[in-house]
Amino acid sequence: MEYRKLGQSPLELSAITYGAFAIGGAMWGGNERKDSIAAIHASIDHGVTSLDTAPFYGFGLSEEIIGEALVGKDRSKIQILTKFGLVWDGSNQGKGEFFFDAAENGKTIPVYKYAAKQNVIKEVEESLRRLKTDYIDLLQLHWPDATTPIDETMEALELLIRQGKIKAAGVSNYSLEQMETAAKTIALASNQVPYSMLNRSIEQDIVPYTTAHNIGIIAYSPLERGLLSGKYFADAKLKADDHRNGYFGQFNPEKVKALLAALQPLAASKNVSLAQLVLRWTTLQKGISVVLAGARNAAQAESNAKATDITLTAEELQFMQQALAK
Ligand SMILES: NC(=O)c1ccc[n+]([C@@H]2O[C@H](COP(=O)([O-])OP(=O)(O)OC[C@H]3O[C@@H](n4cnc5c(N)ncnc54)[C@H](OP(=O)(O)O)[C@@H]3O)[C@@H](O)[C@H]2O)c1
């Protein structure tokens with residue numbers, strides 16, 4: 001495993017950081033708790049020290065599972081990355097910005113973006129309880145909330161750093177303009193943004209800015225939620241309540257299949273899977289601090305953790321670049 005400093009923060013994270021969205025179950029067709037715990041343990045056994053979650057993932061369940069999985073582990077050797085600012089329990093009393101209706105067990109759950117100061121403070125206490133810990137390594141605003149001034153949210157994060165409840169503060173899904181506004185109040189550790197072989201839009205504006213200002217980039221959905229493993233073009237099937245039934249529709253299947261077919265011989269020559277090759281490529285792109293890889297079970301977690309063992313020559317990277325350009 002490689003370990004990388006996150007921007008100008010004191011944090012050092014594993015280049016493959018475990019992503020705990022799917023183990024929350026909701027939106028992903030569910031997951032067995034024992035498989036989720038095994039995925040976290042397998043990650044740690046293979047050098048992953050950093051785990052990314054959010055209160056929203058499984059409506060608290062993902063954080064709870066991480067808390068359970070870390071019982072008996074040396075907390076000082078693990079970095080917990082979580083978030084705040086997506087409210088689903090009605091505690092915002094209609095304040096904030098309506099985001100979308102989530103569906104869970106036949107019920108509709110309205111989800112709001114809400115980043116007011118008192119809500120940040122409240123959510124952190126709830127996360128600490130679910131995670132069974134007394135500090136969070138990186139606390140990130142999950143999505144921008146247009147109803148709360150950015151400086152109000154950033155002041156709350158600064159307070160939490162002073163109180164020792166969080167070690168560093170970041171954002172997620174922030175635009176360049178929003179990062180510039182936040183910089184007037186706080187030195188952000190990172191921005192967590194979507195980045196994959198199929199979605200490279202951050203290379204235009206976010207990466208040049210974060211590189212110039214020594215801010216970390218945490219890349220999410222590097223496998224495009226499983227699509228880039230290739231298995232959904234073979235025999236893998238999605239459950240009816242899996243959000244990917246809609247999500248995958250944004251990609252042109254013929255183009256993705258052609259890309260994976262072009263990469264397959266390189267993966268085979270290195271005796272690695274397509275998913276591992278895709279993850280390795282992602283860790284090596286300019287400005288990317290760490291890559292969040294989701295895994296539902298121990299086998300996926302072990303495979304993903306081993307991606308940084310792959311060596312890619314300049315020629316091989318160029319070959320991949322050419323395959324992507326097509
Ligand atoms: N900040 C945000 O707004 C935001 C948004 C999305 C994600 N994230 C973060 O980023 C993390 C990673 O993104 P993601 O979970 O959305 O997607 P991802 O990492 O691109 O894909 C994860 C999914 O791919 C499949 N998979 C994983 N490893 C595999 C392997 N080795 N072989 C075959 N299939 C494999 C699994 O699902 P199946 O087995 O069911 O196919 C897994 O749940 C999340 O967990 C979360 O922490 C953040």
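Entry: I began with Phe100, which stands opposite Val111 in strand 8. Strands here are DSSP runs of E with at least two residues, helices are runs of H or I with at least four, and both are numbered from the N terminus. This is a predicted model, so I noted its limits: local features need pLDDT of at least 70, side-chain atom pairs count only at pLDDT 80 or more, and totals for chains, interfaces and linings use all residues. Residues are numbered from 1 along each chain as its sequence is written.

Strand 7 (residues 97-104) pairs with strand 8 in the antiparallel sense, over 7 bridges. Two strands count as paired if DSSP finds at least two bridges between them. I looked at the turn next: the hairpin of strand 7 and strand 8 has 2 residues between the strands, and Asn105 takes a positive phi near 50° there.

Which strand does strand 6 pair with? Strand 6 (residues 86-87) pairs with strand 8 (residues 107-113), antiparallel, over 2 bridges. Leu86 has Lys113 as its bridge partner in strand 8. I then wrote down the order of this open sheet of 3 strands, 6-8-7, with antiparallel pairing. Strand 6 and strand 7 stand at the edges with a single partner strand each, so one side of each has no neighbour in the sheet.

Entry: I traced a closed barrel of 8 strands, running 3-4-5-9-10-11-12-13 with parallel pairing. From one strand to the next, the twist averages 30°. Angles run from 0 to 180 degrees between N-to-C directions, and axes are lines fitted to C-alpha atoms, for helices over the stretch in contact.

I picked one pair to check. Strand 11 (residues 190-194) and strand 12 (residues 216-220) pair in the parallel sense over 5 bridges. Asn191 has Ile217 in strand 12 as its bridge partner.

Which strands does helix 3 lie across? Helix 3 (residues 117-131) lies across strand 5 (79-84) and strand 9 (136-141), and runs at about 140° to strand 5. Helix 4 (residues 150-162) also packs on the sheet, touching strand 9 and strand 10 (166-172). The direction of helix 4 makes about 160° with that of strand 10.

**Entry: helix 1 and helix 2.** The axes of helix 1 (residues 33-45) and helix 2 (residues 61-69) come within 10 Å and cross at roughly 60°. The two helices are therefore oblique to each other. My cut-offs: under 35 degrees is roughly parallel, over 145 roughly antiparallel, 65 to 115 roughly perpendicular, and the rest oblique.

I listed who meets whom. Arg33, Ser36, Ile37, Ile40 and His41 in helix 1 meet Ile65, Ile66, Glu68 and Ala69 in helix 2. Contact here means C-beta atoms, placed from the backbone, within 7 Å. By class, this contact of helix 1 with helix 2 has 5 nonpolar, 2 polar and 2 charged residues. Ala, Val, Leu, Ile, Met, Phe, Trp, Tyr, Cys and Pro count as nonpolar, Asp, Glu, Lys and Arg as charged, and the others, Gly among them, as polar.

**Entry: helix 8 and helix 11.** Helix 8 (residues 253-269) and helix 11 (residues 314-325) pack at about 165°, with axes 9 Å apart. That makes helix 8 roughly antiparallel to helix 11. Leu259, Ala262, Leu263 and Leu266 of helix 8 make the contact with Glu316, Phe319, Met320, Ala323 and Leu324 of helix 11. The residues in this contact of helix 8 with helix 11 divide into 8 nonpolar, no polar and 1 charged.

**Entry: the ligand.** Which residues come nearest to the ligand? Of the 27 residues around the ligand, the nearest are Gly19, Phe21, Leu223, Gly226 and Gly294. A residue is near if its C-beta atom, placed from the backbone, lies within 6 Å. Strand 13 (290-294) and helix 10 (298-305) each supply at least two residues of this shell. By class, the shell around the ligand has 10 nonpolar, 12 polar and 5 charged residues.

Terms used: Contact = placed C-beta atoms within 7 Å.
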